[in-house]
Amino acid sequence: MSLADYKYELESCTRCSHCKFIPWPVMQSRRFSRGCPSADNKKFHAYSASGKIEIALSLLEGRLDNWTPEMQEVVYNCHMCGCCQMACRPNNFLLCDHEEIFLELRMRAIESGYILPEQMILIDSLKQNDNPFGQSREKRSDWANGLDLINLDDPARQADVIFHAGCRFSYHKQQWGTIRNAVQLIRESGKKVGIFKSTESCCGGRAYELGFKSVLKTFAEDTVSRIKSSKSQTLITACGDCYGTFKNLYLQANTPIDNIQIYHISEYLETCLDAGTIQPKKKKKKRVTYHDPCHLGRKGEQVSPWNGEWKLTGSHIYEPVPEKPLKIGINGCYDPPRNVIKAFPELEFVEMERIREYSWCCGSGAGVREVFPEFAKWTARERIEEAKSIDAEVIITACGWCESILKETADVNGESIEIVDITDLFFGGGGI
């Protein structure tokens, strides 16, 4: 699609600024009423969803001739977290696809030669090494050394479960314990676990968010082909980004993972706790809260791609033909992580103000962490402040990217609050 395909949505934006905030019915305080990190940090309308939509419309109508460094700064200082789209719907009842519009803007920037050096480093690494960190393919499965997992690179071998580690967990040794713990729990539930030892690659979601849709398609086709060849019926990942990419972005790229059950590890642990195949271990008494990863929650919602058009169906009435699937964010993975936490009776679970589809982003998304690290850390600090405001001693999350930047930011700022992955709850992570 192109910006021209979104002309009706672009023209329908009323510049109401609701996209900067979480909807007023769920606001609990002025302090944590904002939903858009970009607009809140920059304090300028252009950085909001409405501002970027105005840029897109101006480009489409020829009121802007070409890209400028200032436009590039606005478009790329965005986590692509999706909160603006969730806030727009209940206030305006629009069917505007904010994320798709922002992606088209990024694609236009790339076509005009406005791509930042840090982004090209990431993309080049993805193309050459199948990961965004410049690490070799040969080191990808080092995290699994000594676990004796089934090597699914051998087509003669089969497993009950494919475990997809993802780039973040695979290449950051300090996080290996989380995925090793995840594998141990899956095994305790009675399943045989396999990995693609030398052929697992990036899911491609980060490239997509930078505006490189074709790169996502390449990774999707490779991943889907590999998964189908394994004949396994279940795929489990501990990475929120990979989960959202497998569930939603592959669908948008018309390369869905069909006929296989996709679980985030929190969803799988919930089913195991319900079935009694694994048991929670006794914890210290702690006041804990949960941070919803964007890709696991609102961006993990499956929505079928739409290729229709807006038509005048009555006097001043435009409608999408055929009917357009609604993306409202409520069908992501929200309850399973919370139910896992509640299975530990010693933990006092308290919610932050911005949760579920209106959760505040951790700061890692869409290349911001690599290109604008100070903005990424500011976003993470805001989340930590929100957790501190309810006297939480521990932030539990369910994505390696979220855990990493929240922990890094807490450590730099000397915060006593602990950051823990949900899998590590079963193994005493974070001193609990």
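A nonpolar patch is made of residues with over 30% relative accessible area and no salt bridge, with nonpolar side chains joined within 5 Å. The model used here is predicted.

**Exercise 1. A patch on the surface**

Find the nonpolar patch formed by L326, I328 and I330, and place I330 in the chain.

Solution. 
Step 1. L326, I328 and I330 form this patch on the surface. Together they have about 250 Å² of accessible area.
Step 2. I330 sits in the loop between β8 (317-321) and α14 (335-342).
Step 3. The relative accessible area of I330 is 45%.
Step 4. Look at P322, in the loop between β8 and α14. A cis peptide bond joins V321 and P322, with omega about -5°. Most peptide bonds are trans.

**Exercise 2. The nonpolar core**

State how many residues the largest nonpolar core has, then list what F163 touches.

Solution. 
Step 1. The largest nonpolar core has 116 residues.
Step 2. Those with the most contacts inside this core are W143, F163, I257, I341, L425 and F426.
Step 3. Leave out residues up to four places away in sequence. F163 then touches, among others, W143, I179, A182, V183 and I186.

**Exercise 3. Positive phi**

Locate D148 and K231, and decide whether each is buried or exposed.

Solution. 
Step 1. D148 is in the loop between α7 (117-129) and β1 (150-151). Its phi is near 55°.
Step 2. K231 is in the loop between α11 (213-230) and β4 (234-237). Its phi is near 65°.
Step 3. Most residues other than glycine have a negative phi.
Step 4. D148 has a relative accessible area of 71%, so it is exposed. K231, at 58%, is exposed.

**Exercise 4. Salt bridges**

Describe the salt bridges R15 to E54, R206 to E370 and E386 to R383.

Solution. 
Step 1. The whole structure holds 30 salt bridges.
Step 2. R15 and E54 meet at 2.4 Å, N to O. R15 lies in the loop between α1 (7-12) and α2 (37-42) and E54 in helix α3, so the pair ties together parts 39 residues apart in sequence.
Step 3. Salt bridges link R15, E54, E61 and R63 in a network.
Step 4. R206 and E370 meet at 4.0 Å, N to O. R206 lies in helix α10 and E370 in helix α15, so this pair ties together parts 164 residues apart in sequence. R206 is buried, at 5%, whereas E370 is partly exposed, at 28%.
Step 5. In E386 and R383 the closest N and O atoms are 2.9 Å apart. The two are three residues apart in helix α16, about one helical turn. Both E386 and R383 are buried.

Technical notes: Residues are numbered from 1 along each chain as its sequence is written. This is a predicted model: local features need pLDDT of at least 70, side-chain atom pairs count only at pLDDT 80 or more; totals for chains, interfaces and linings use all residues. Side-chain values use heavy atoms; hydrogens and water are left out. A nonpolar core is a set of buried Ala, Val, Leu, Ile, Met, Phe, Trp, Tyr and Cys residues joined through side-chain atoms within 4.5 Å. Buried means under 20% relative accessible area, exposed over 50%, partly exposed in between (1.4 Å probe, protein chains only). Contact means heavy atoms within 4.5 Å. Patches are made of residues with over 30% relative accessible area and no salt bridge: like charges are joined within 9 Å, nonpolar side chains (Val, Leu, Ile, Met, Phe, Trp, Tyr) within 5 Å. Accessible areas come from the Shrake-Rupley method with a 1.4 Å probe; for residues, only the protein chains shown count as cover. A salt bridge is a side-chain nitrogen of Lys or Arg within 4 Å of a carboxyl oxygen of Asp or Glu. Helices (H or I, at least four residues) and strands (E, at least two) are DSSP runs, numbered from the N terminus.
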